[in-house]
Amino acid sequence: MRLMTKLKGGAALRWMKDSRGDTTEKEEGGSLHPLTSDLKVEFPQEQMRDAELRALYLLQKQQQGLLHLWSYITMNLTANAATNITPNRSLIATPNPALNTTLNATSPPSLNTTFNNKSPTSDESPNTTFNNKSPTSDESPKTASKESPNITSNSPENTTSNVTSSAFSNNVPSNAAFNPSISGAFVTELLSQITLNQEIQQTLLSSHRTGNVSDSEQFDVNTTLNYYGGSTSRCSKAASNNVERRTLKWNPRNDRYLVAICLSGQMSNHLICLEKHMFFAALLNRILVLPSPKFDYQYEHSLDIQHMKDCLGSNTIMTFEEFYNKKKDHLHINRLICYMASPPCYMDDDHVKKFKGIGWSIGKTEVAWPEDAKLKSYPSHPRSEEIVKRFSCNDEVIGIGDVFFADVEEKRVMQPGGPLAHKCKTIVKPNQYILLTAQRFIQTYLGANFIALHFRRYGFLQFCNAKEESCYFPIPQAANCILQKVQTSNAPVIYLSTDAPSSETDLLQSLIVLNGRTVPLVKRPAHDAKGKWDALLYRHRLHSDDQVFAMLDKTICALSSVFIGTNGSTFTDDIIRLRRDWGTASTCDEHLCQGEKPNFQADLH
């Protein structure tokens, strides 16, 4: 008679075979037992060597240590993000209640281990709801809280293993200091090592299984890590900056105007120029007149102008149409005082011709700082007192030209909420139709938890390489950086806002694969009458304006769980501003491959 043993679904089965060939099968309590030396051990197809058993024993022992470490790190990160203070040391001294398995470190690495690959269940993350009601002027868009899901300590229905290591907490000095700076690459690498550990275990066990492995036997790293200290996502809502703003009250005179002129770059640059014009107008006590759509963008299509007036005062801003109706046929700038010296007001002959072509006439033109014409770089005039001194006059209508490059009171201008006194969360925001369309798109295609990626490529190769540290990354390197964010955020989908050609985005998509699953890159699709998510834009005839869709992209990105931007892009900067002001910013928000350099860089010439 001989005793034979095999693995089946994680349990050990023994059967006795006598000389007549009869077989009796018995399950031994769901665990493997060491065999005495006088029994012959055989397995189907191949023997399970002692080295494999030893490897499995050590891997599971390592696994327990990694999971204890995961529990410690995630709980500390959650506590630190929530309170913005040093974490409670009790988190170090007390092990996770869920980890109440027993240690038998002296047990021989033989057949005394139960292998049950069924993952514990976990609570679902809270859902996001999108209220299609337009927010009031003082409210941000209604999105669900993106705070970290609660950490649960409920015991799972099936214990993953009865082989454990010593409690991690016992190995941490009581006076150890938790350093939040480890929260980036360290957590990503830890997650990677836990996943690798399980892949090795599955590989060692795979040749000894019979039949197909059921779904319940597959290891789910996300579910297991939910059990050992919360969600695999370590991204939470960024703490709001409650520092009191240094603001300026805008009290314009009723008969003095400043005409906004913005020429540099595209829409995002123009918005920065427009915000700086607001600050100049407040300093000079003048009403700001928005540009004509025949000379600039049609801001009424993209921005909520009424919201701006509600925030700042009804007499602070006028559209070009409102100014035209008031002045009738007399569109005259009494004095053009140029901030930029070369070319004056940043307007070349073609700009001047186009400006006059829409009906404007210009009186005296002068440069505020003539000496700046000799500069090889942009001028710097950081003090507001200089602005008041150089640009104050009693003329009814003045212009100062493009001020995109102006650095006056830069920290004050760029502070959260801006430099002007108001009670709104943000002054410059998309109009209600764009906001509602963004919410409907998210509800249709993305859901509550998604990463938004602004991947600027067009014209950025030479622009980035001319900088001290290039911001233009090869596609494979960019894909690796994006995957790290996918791992840390546990987001199932990525919204892609890009001007890259399909040859680049197709390659990028092929490389965004995590644990054998492709993470979709979702781009805004072309209009389809059967899809209703963009119906508002067509109903209100905004679909023909490219800048409306640019603002729509910004809004979708601003509402994401995690945002990855492009360093050096004002499009990215505007998204960051919206996320900061709306309270949607995440602790995981970063520029693409932040802290890295391109692994290959072309020569400039």
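1. Let's start at Cys262, which counts as buried because its relative accessibility is 1% (buried is under 20% relative accessible area, exposed over 50%, partly exposed in between, with a 1.4 Å probe and protein chains only). Cys273 is buried too, at 1% relative accessibility. Before going on, bear in mind that this is a predicted model, where local features need pLDDT of at least 70, side-chain atom pairs count only at pLDDT 80 or more, and totals for chains, interfaces and linings use all residues. Residues are numbered from 1 along each chain as its sequence is written, and side-chain values use heavy atoms, with hydrogens and water left out.

2. Those two cysteines are partners: Cys262 and Cys273 form a disulfide with sulfur atoms 2.2 Å apart (a disulfide being a pair of cysteine sulfur atoms within 2.5 Å). The pair links distant parts of the chain, eleven residues apart, with Cys262 in the loop between β4 (257–259) and α5 (267–283) and Cys273 in helix α5. On naming, helices (H or I, at least four residues) and strands (E, at least two) are DSSP runs, numbered from the N terminus. The link of Cys262 and Cys273 is left-handed, at -85 degrees about the S-S bond.

3. Next, Cys311 and Cys424. Their disulfide has an S to S distance of 2.0 Å. It connects distant parts of the chain, 113 residues apart: Cys311 sits in helix α7 (residues 305–312), Cys424 in the loop between α11 (410–414) and α12 (432–446). With -110 degrees about the S-S bond, the link of Cys311 and Cys424 is left-handed. Cys311 counts as buried because its relative accessibility is 9%, and Cys424 counts as buried at 10%.

4. Cys481 and Cys593 give a right-handed link, at 110 degrees about the S-S bond. Their sulfur atoms are 2.1 Å apart in this disulfide. Here too distant parts of the chain are linked: Cys481 is in helix α14 and Cys593 in the segment after β16 (590–591), 112 residues apart. Both Cys481 and Cys593 are buried.

5. How many disulfides does the structure hold? There are six. Counting bonded cysteines along the chain, the pattern reads 1-11, 2-3, 4-7, 5-6, 8-9, 10-12.

6. Now the packing. The largest nonpolar core has 70 residues, and Phe280 and Phe391 touch the most other members. A nonpolar core is a set of buried Ala, Val, Leu, Ile, Met, Phe, Trp, Tyr and Cys residues joined through side-chain atoms within 4.5 Å. Helices α5, α7, α10 (384–391), α12, α17 (546–558) and α18 (570–582) each supply at least two residues of this core. The top contributor to this core is α5, with ten residues.

7. Take Phe280 by itself. Leaving out residues up to four places away in sequence, Phe280 touches Leu258, Tyr339, Ile387, Phe391, Ile400, Val403, Ala406 and Val408 (contact means heavy atoms within 4.5 Å). A second, separate core of 26 residues includes Ile451, Ala491, Ile494 and Val519.

8. Last, have a look at Lys467, in the loop between α13 (460–465) and α14 (475–489). Is Lys467 buried or partly exposed? Lys467 is partly exposed, because its relative accessible area is 29%. Residues up to four places away in sequence aside, Lys467 touches Asn567 and Gly568. Lys467 and Gly568 are 101 residues apart along the chain, and their C-alpha atoms are separated by 9.6 Å.
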